[in-house]
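This note sets out, in numbered points, how the secondary structure elements of the model are arranged. Please read it alongside the structure shown here.

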Amino acid sequence: MRLIKSVYQFITAIAIVLVTSCVSNSNEQAVRSKTNINDNWFYLENNTESINDALKYENWETINLPHSWNALDATDVTPGYRRSASWYKKELELSSIVSGQLYELYFEGVNIESEVYVNGTKVGGHTGGYIGFHVDITDAISSGKNEILVRVDNSFNPEVIPSQKSDFVIFGGITRDVWLETVPKKHLYDLKITTPNLSEDQANLIATFNINNVGANSKVKATLLSKEGEEIKTQTINASDSELAFSFNALKDIKLWDTENPNLYTFNLQLLENGEIQDEISEQIGFRWFEFKDHGAFYLNGKRLLLRGTHRHEEHAGVGAAMSNAQHRADMELIKDMGANFVRLAHYPQDPEIYKTCNELGLLVWDELPWCRGGLGNDAWQKNTKTMLKEIIEQNYNHPSIILWSLGNEIYWLPDFENGDDTSKINQFLKELHVYAHELDPSRKTAIRKYYEGADIVDVFSPSIWSGWYSGSYKSYQKAIDQYKAQYPHFLHAEYGGSSHVGRHTENPITGEGKIQSDGWEEAIVQTDVANIAQIGDWSENYIVDLFDWHLRISENDSTFVGNIQWAFKDFATPLRPENAIPYMNQKGLVDRTGNPKDAFYVFKSYWGDKPFTYIESHTWTERQGPKGKSRTVSVYSNCPEVELFLNGKSLGVKKRNTLEFPASGLNWELNFSEGENKLVSKGKSKLGKEVQDELTVNYRFEKNKKARSLKLNYTKLDNGNYLVTATALDKKGLRCLDYEECVYFQCLNGGKALVSQGTPTGSEIIEMANGSASIEVIKHSENSPLEVMVLNQSFKGTYLTIE
């Protein structure tokens, strides 16, 4: 086989170098190019509908994209967040206009409705966020300076999904990358690739595509390339029609794409005239097939695969949904590092970088239409919803990672339109979407979560099982999945878990025994109608560790179970939870909103992760108390076959890991702490003999604290130069009150500013204490002036700290 270099890549590189606008000189051949234009935009926070009025304002702010005006106000301490319109402006300089070339702007995502103007002329727009769109600007531009304006609106509009009653923030803004693209007027487009009738011995490929302005002498050359650039197969056909197809059959020695070895190939198309390349496009593809066995397990490439999943909302502390590609990728790499092989994109399609990363890392994807609550809408709503489904499928068609098109979540809840919860009408429209999805893509399955009346309409169904949080005890989980495996032919459990406040711990987590109906598991629309742990629990990390451990012990040892999908990987913002420990944050994440792992992350890693490790529960539980002589249980989460635990240099013995045992797969030791400092060391050895260890120092006291009498402030200087100011609740003897969980309020008075509205354990000015402690990060304006910080609540009227 010979190595081949892409002529298209070479031409594009030359085009990018020639001019900053990425447009060739007018006497050169029209080429395809794509250039990021995120930098140097202007932002106007004004909802005027008139472009002329917008241009009259002088208070435009300089920004770079991606951007959201809700980056901070969605997680500040004021109810609600800005739901309105704003304007974006950019000057685009083009050295010349190439004849025979089309110019387009490509927006990866604008939330949630947009209008695009170039040089004062409206050239396009889009309805619906979370999905990309092109705008042809060819007829509106000229050589020299061109002015782009975009009006973006995330106001409440019941005709556009998702419903505002959803439990997440609808971030307004140009929240993803923007590109200037050029294509020849004669060009290739709409390349769709399927890989039917695969086996381990041979592979087949069908590629369909279109040609714009096909010529009489046009030919198309198709080439399949390996990851290393080796030519697998090539074929050339006459372009006699605008809609064409290639079939590569009986391909040998193809490496299949799977979650352990995500082998990718490149399919390349060249449009030729008289032997010269006029246009070129390519797609990364993977060869794989899958099957949901009736009332049984999931199979990938003919082998049973337990789906080990989590959910991902698209947001990050400080930027909201306006994440960089590096931040997107970091999320997915952390999910993969935990050992997951499946991710549900909740509750909307996400940034293109996510799909690319999932393809490369080997993460199967549930992609979701954002029909989230709100019931069935009017004719305009139905048209918009169906259009968005088409856009999602067509844009993401070639990603091997995607196996499911979800048609919605909790769709009948809280209708936005009169009679919007009429299940007969909902079912009629759901059937329409199901049929349409299969017309657009016959190779994948449809899914839906928590709409029982439509369970037999879609291919894969997820009922609601919130054992141990919104209903019942987590010990009812086996009963729940046994019932649903028998009831639904293709049952995949999406969403389970609960909230945890980082640093909050207890020796005896509240399990609800004697207070709740232990056999329940389904989430009620009105959660206060039934007693549940979400309402009466302590939100400790200890409880959530046990809950996940129980669920994983069940799922990992059930040979006919498809798998489950934990909710959610990362803490995220919500307007519906102002009274949470961190206001307006859904704290069900395995990591906080900056990606820092909680204890529960290591529970999943112990079951799923490949890289050997040990983790002593818990690194945020270093202050403990109890009577002298009272033994305590210490658990170690690890994926090593056996682990040895040491206390103050003395071995407490070796334990063998067994996933049938609970908790911590049997890696538990009973021990007696000494008063004062206790050093714990866990040592594990992998199957290949690699040694790993973890260390934790626990300060233990025998005297129990009394009632809190004061708050004390102290600080440490962080590596970034900021200060971490910590408030501690003390009793009259000065003992830290490990049982104090009341809310405290931070304020930076002088000399700096607090890092607030982050939705993190150190980035909220209002926060509940965790074991009698709470912290906030503070930025000092100058080393030469003092920094003054205050903390208070209703019981303690004010404690002050001055940092010189």
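**Note on the strand and helix arrangement**

1. In β28, H493 has N564 as its bridge partner. The model is a predicted one. The pair belongs to the contact between β27 and strand β28 (residues 563-566), which run parallel and are joined by 2 bridges.

2. Both strands belong to an open sheet of 8 strands with parallel pairing, in the order β26-β25-β24-β23-β22-β21-β28-β27. At its edges stand β26 (460-462) and β27 (493-494), each with a single partner strand, so one side of each has no neighbour in the sheet. As background, the strands of a sheet pair through backbone hydrogen bonds, in either a parallel or an antiparallel manner.

3. Helix α6 (residues 423-440) lies across β24 (402-409) and β25 (445-449), and runs at about 150° to β25.

4. Which helix packs against α3 at an angle of about 55°? The partner is α10, and the axes of the two helices are 8 Å apart. The contact is made by L334, D337 and M338 of α3 together with F601, F604, K605 and W608 of α10. By class, this contact has 5 nonpolar, no polar and 2 charged residues.

5. Helix α10 (residues 599-608) also packs with helix α9 (residues 541-556), at an angle of about 20° and with the axes 8 Å apart. Angles under 35 degrees count as roughly parallel, and α9 and α10 are therefore described in that way. Their crossing is right-handed. From α9, the contact includes E541, I544, V545, F548, D549, L552, R553 and E556. From α10, the residues in contact are D599, A600, V603, F604, Y607 and W608. The residues of this contact divide into 9 nonpolar, no polar and 5 charged.

6. F604 and W608 of α10 deserve attention when the two helix contacts are read together. Both residues are listed in the contact with α3, and both are listed in the contact with α9.

7. A further open sheet has 4 strands in the order β43-β41-β45-β46, with antiparallel pairing. Its edge strands are β43 (766-768) and β46 (799-803), each of which pairs on one side only. Neighbouring strands of this sheet are turned by 25° against each other on average, direction ignored. Strand β41 (residues 743-750) is joined to β43 by 3 bridges, and these two strands run antiparallel. Within β43, I766 is the bridge partner of Y745.

8. Strand β6 (residues 113-118) and strand β7 (residues 121-127) run antiparallel and are joined by 6 bridges. They form a hairpin with 2 residues between them. V118 stands opposite T121 in β7. In the turn, N119 has a positive phi of about 50°.

9. The C-alpha trace spans about 90 × 65 × 55 Å along its principal axes.

Conventions. Residues are numbered from 1 along each chain as its sequence is written. This is a predicted model: local features need pLDDT of at least 70, side-chain atom pairs count only at pLDDT 80 or more; totals for chains, interfaces and linings use all residues. Side-chain values use heavy atoms; hydrogens and water are left out. Axes are lines fitted to C-alpha atoms, for helices over the stretch in contact, and angles run from 0 to 180 degrees between N-to-C directions. Angles under 35 degrees count as roughly parallel, over 145 as roughly antiparallel, 65 to 115 as roughly perpendicular and the rest as oblique. A crossing is left-handed if the near helix is turned anticlockwise from the far one by less than a right angle, and right-handed if clockwise. Contact means heavy atoms within 4.5 Å. Ala, Val, Leu, Ile, Met, Phe, Trp, Tyr, Cys and Pro count as nonpolar, Asp, Glu, Lys and Arg as charged, and the others, Gly among them, as polar. Two strands pair if DSSP finds at least two bridges between them.
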